[in-house]
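Visitor: Please take one part of this structure and look at it closely, with its surroundings and the cut-offs behind each term.

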Amino acid sequence: MKYSGPDPQRRHDSLISADEGLSMFNEIAGFYDRTNKILSLGLDGYWRRVAVRTLDPQPGRVYLDVGCGTGDVSLAIATHSHAMGRVIGIDPSEGMLRRGIEKVARKGLQESISMLRGDVLNLQFPDASFDGAIAAFCIRNVTDRKRALSEIHRVLRPGGLFVILELIEPDGPLMKPLFRLYSKVVMPIITGLMSSIPAYRYLSDSMAEFPRPGVWAQLMSDAGFSETGSRPLTGGIARIFTGKVPIA
Ligand SMILES: C[S@@+](CC[C@H](N)C(=O)[O-])C[C@H]1O[C@@H](n2cnc3c(N)ncnc32)[C@H](O)[C@@H]1O
């Protein structure tokens with residue numbers, strides 16, 4: 001991953017191409033969980049739990065975890081209030097998936113969770129196959145967001161809820177400068193010690209570049225989702241977006 005700042009000539013929605021994203025996630029897979037925990041000051045698990053509570057998984061239902069990575073959201077769905085919903089996680093990165101599959105096996109949850117190689121831009125599932133879908137920290141990295149939304153809309157049944165958990169640069173007069181200080185000064189020190197500075201420089205740049213909540217809600221509506229909404233978590237550093245596939 002040779003990320004060295006946003007390319008103004010880029011032809012995709014994300015700051016990096018699909019190939020660059022793939023090699024970045026394969027490269028950081030081994031230290032992804034630990035670095036996330038440290039950089040988010042332990043809040044990443046809380047944010048995922050709130051997102052899964054918003055999805056509200058029910059027994060006997062089937063859920064899609066888009067960009068499942070190392071599997072924390074899939075695990076949270078499968079164990080949510082003992083709901084034992086069935087989860088299919090998809091991700092293009094073999095490195096991230098391998099870690100996820102190991103975690104699922106360690107918890108003995110192979111009956112409830114399948115993790116497969118897949119791309120949200122071309123989902124391998126028939127129309128209306130899922131009761132709900134979730135994408136945690138994934139959509140920011142996807143090269144064609146309109147296509148991703150339309151694919152997720154296609155595979156959800158009518159009434160199905162889509163929950164997005166995403167990191168975005170906060171707006172507030174206090175949080176924005178605090179976040180900039182944290183991302184420009186503290187993050188490079190931590191990531192330099194632990195992992196890959198370019199990958200985490202990409203993280204803060206892509207958070208700043210992600211569409212503002214109103215723009216994103218419009219993109220979801222344009223893709224056919226109804227009842228779109230969003231709410232900030234932790235002063236707006238993370239945000240939950242929701243939308244439903246209308247019934248009829
Ligand atoms: C920051 S990680 C998030 C992983 C996990 N959801 C979590 O909560 O930690 C983003 C994931 O999105 C995946 N991703 C990137 N582009 C994708 C695409 N086109 N389709 C599906 N997943 C994608 C990456 O491979 C990576 O595993």
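Guide: Contact means that heavy atoms lie within 4.5 Å. On that basis Asp-91 touches Gly-67, Cys-68, Gly-69, Met-96, Leu-97, Leu-116, Arg-117 and Gly-118, residues up to four places away in sequence not being counted. The model is predicted, so local features need pLDDT of at least 70 and side-chain atom pairs count only at pLDDT 80 or more, while totals for chains, interfaces and linings use all residues. Residues are numbered from 1 along each chain as its sequence is written, and side-chain values use heavy atoms, with hydrogens and water left out.

Asp-91 belongs to strand S2, residues 86-91. Helices (H or I, at least four residues) and strands (E, at least two) are DSSP runs, numbered from the N terminus. With a relative accessible area of 8%, Asp-91 is buried; buried means under 20%, exposed over 50%, and partly exposed in between, with a 1.4 Å probe and protein chains only.

S2 runs parallel to S1, and five bridges join them; two strands pair if DSSP finds at least two bridges between them. In S2, Ile-90 stands opposite Val-66. S1 spans residues 62-66, and four of its five residues are buried, so the strand is largely enclosed by the rest of the structure. S1 is also joined by four bridges to S4, residues 130-136, and these two run parallel as well. Here the bridge partner of Val-66 is Ala-135.

Phe-137 is not a glycine, yet has a positive phi of about 55°. Its relative accessible area is 9%, so Phe-137 is buried. Asp-56, also not a glycine, has a positive phi of about 55° and sits in the loop between helix H3 (43-55) and S1. At 40% relative accessibility, Asp-56 counts as partly exposed.

Which residues are closest to the ligand? They are Tyr-32, Arg-48, Gly-67, Asp-91 and Asp-119, from a surrounding set of 18 residues; a residue is near a molecule if one of its heavy atoms lies within 4 Å of it. An N or O atom in the Tyr-32 side chain is 2.6 Å from an oxygen atom of the ligand. A polar backbone atom of Gly-67, which Asp-91 touches, is 2.8 Å from a ligand nitrogen. A polar side-chain atom of Asp-119 lies 2.9 Å from a nitrogen atom of the ligand. Of the 600 Å² of accessible area that the ligand has on its own, the protein covers 94%; accessible areas come from the Shrake-Rupley method with a 1.4 Å probe, and for residues only the protein chains shown count as cover. The shell around the ligand has 11 nonpolar, four polar and three charged residues. Ala, Val, Leu, Ile, Met, Phe, Trp, Tyr, Cys and Pro count as nonpolar, Asp, Glu, Lys and Arg as charged, and the others, Gly among them, as polar.

Terms used
A polar contact is a pair of N or O atoms within 3.5 Å; within protein, one must be able to donate a hydrogen and the other to accept it, and residues adjacent in sequence count only if both atoms are side-chain atoms.
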